[in-house]
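Here are a few notes to read alongside the model.

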Amino acid sequence: MTRVAEAVSTMALTEKEHFSPILKRWHPLATGVAVATLHSCYGNELKQYVSGIDEVSADVLRVLSSADKLEKDLMQIAAESEDCGKSIIKEMLPYEVESVTCGLVKSWITTTTDRLKEWVNRNLQQEAWDPKATRERFALSAVEVLRIVDEAFEAFFLLPISMHAAFLPDLAAGIDGCLQHYIFMAKSGCVSSTYVPTMPPLTRCSQRSKLPSVFKWKEKTYKKPQGGAANANGNDCFGTPQLCCRINTLLYIQTQLDGLAKREMSHSHDIALKLSAAACEEGIQQLCEAMANKVIFHDLSHLFWDGLYVGEVPSSRIEPFLQELDHHLEVMSSTLHENVRTRAITQVMKVSFDCFLLVLLAGGPARAFTLQDYETIEEDFKFLTDMFWSDGDGLPAELIEKFSTTINEILPLFKTDTDTLIEKFRNVTLESCSCSSKSKLPLPPTTGQWGPTEPNTVLRILCYRNDEVAAKFLKKTYQLPKKL
């Protein structure tokens with residue numbers, strides 16, 4: 001078709017120079033008729049050719065480019081003719097090469113991005129998120145998807161068109177969408193909120209009997225969840241190593257997107273996959289939160305949320321939990337990329353501090369604390385913070401201090417005598433609701449914003465105070481039950 005276009009252009013010039021001057025003796029518009037005839041004949045062939053095109057290629061675009069040049073040449077010949085062939089040119093049906101080219105390029109972009117999304121779906125269904133798959137401990141599928149993206153951009157810039165800048169935003173948006181889909185799939189199923197337990201209703205407790213141990217209050221026994229060790233050792237698609245691999249993968253994509261944009265700048269076009277970059281950042285945070293919540297509230301729940309301080313405080317200390325947590329932290333430290341390691345472990349620290357506070361303030365009727373338990377609780381929390389300090393090899397001291405501030409401010413309330421605590425509760429409650437001292441104390445709502453002067457926090461310490469004075473106050477003021 002390209003050679004035919006060149007031949008038709010040559011034929012038109014020959015017609016104008018050699019035949020039209022003679023033929024115009026018999027036809028006043030000889031040049032115009034010749035041009036219109038050649039234009040129509042090639043147009044019929046071009047229409048048939050275009051109708052059989054399934055997808056754009058360099059050859060197809062070269063044909064369209066040659067057709068566009070031919071049409072312009074014919075128009076120029078007609079415009080320069082002395083027989084006013086312009087009137088005939090007006091009646092000719094244009095090739096509309098630009099419109100056809102636009103349609104084909106848009107179709108090429110749609111096909112390319114559809115194939116990429118199909119590849120993402122197919123390969124991520126088989127992705128094991130094995131950190132051992134690559135030396136950098138991210139998924140092989142990320143390498144492949146970025147390779148395909150790079151090839152798509154290269155193929156686009158090799159298309160013989162002059163409108164790259166016009167179509168680049170469409171291609172970038174399509175690829176951006178595919179990468180966002182990959183990122184969504186990478187974090188799919190990792191929802192942090194599913195692991196956080198529901199706080200039980202408030203209850204009051206009374207002093208337990210001093211009968212021999214055989215008659216002591218029967219504590220609930222907790223068994224380690226099936227497959228608990230596998231969560232840290234790697235036999236679970238959402239285990240700690242696999243979640244680390246997912247985090248590393250999103251970090252790798254985020255890093256490579258910057259490099260991709262710089263490489264394509266060689267084409268003098270700015271490629272900004274901003275939505276994918278933002279999705280990576282958000283996904284990394286969500287995966288860090290999910291991993292922390294899963295480790296603390298699921299994998300180690302039997303030792304922490306379901307086990308710490310259940311029954312007698314001295315007999316259910318924090319050491320067993322710390323031993324298991326240490327193993328998970330070792331896996332994270334050895335698996336996560338250094339650029340996200342501190343971020344992820346900080347999230348684990350935050351959640352472990354949150355869980356420790358929940359045990360003290362919302363652990364259910366299985367927990368009860370005396371004034372003498374304060375030193376034990378304080379010591380256990382120091383053990384917990386020391387785990388993350390790790391003799392200076394762990395998290396920065398200022399970071400640990402930042403996240404432990406709330407607990408350190410609340411802990412002194414556990415050694416405050418009951419009468420003083422009740423008076424403090426009255427004051428902060430009345431102050432928060434702007435009531436008079438003679439008013440009935442309202443039940444402060446649970447906001448989760450714990451603090452030493454937050455009414456619900458102080459109330460909860462009274463609820464878990466193993467003291468008859470506290471129990472009578474709660475029964476008289478709010479009619480709280482002893483059991484759920």
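1. A residue counts as buried under 20% relative accessible area, as exposed over 50%, and as partly exposed in between. Cys41, at 45% relative accessibility, is therefore partly exposed, and Cys433 falls in that class too, at 29%. The structure holds 0 disulfides.

2. Please keep in mind that this is a predicted model. The protein chain averages a pLDDT of 87, and 89% of the residues score at least 70. Residues 209-230 stay under 50, and the model has 23 contacts beyond four places in sequence for them. Where pLDDT is low, the predicted coordinates should not be read in detail.

3. On to the charged pairs: the whole structure has 13 salt bridges. One of them joins the side chains of Asp59 and Arg62, at 2.3 Å from N to O. Both residues sit in helix α3, 3 residues apart, about one turn of the helix.

4. Another salt bridge pairs Arg343 with Glu281, at 3.1 Å from N to O. This pair links distant parts of the chain, with Arg343 in helix α12 and Glu281 in helix α10, 62 residues apart. Arg343 is partly exposed at 26%, as is Glu281 at 36%.

5. Have a look at Gln347 as well, which is also placed in helix α12. Its relative accessibility is 13%, so Gln347 counts as buried. Beyond four places in sequence, Gln347 touches Gln285, Cys288, Glu289 and Ala292.

6. Is Asp380 buried or exposed? Asp380 is buried, because its relative accessibility is 0%. Asp380 forms a salt bridge with Arg317, the closest N and O atoms being 2.9 Å apart.

Key:
Residues numbered from 1 in each chain as written. Predicted model: local features only at pLDDT ≥ 70, side-chain atom pairs only at ≥ 80, totals over all residues. Heavy atoms only, no water. pLDDT = per-residue confidence, 0-100. Contact = heavy atoms within 4.5 Å. Helix = DSSP H or I, 4+ residues; strand = E, 2+ residues; numbered from the N terminus. Buried < 20%, exposed > 50% of the residue type's maximum accessible area, 1.4 Å probe, protein only. Disulfide = S-S within 2.5 Å. Salt bridge = Lys/Arg side-chain N within 4 Å of Asp/Glu carboxyl O.
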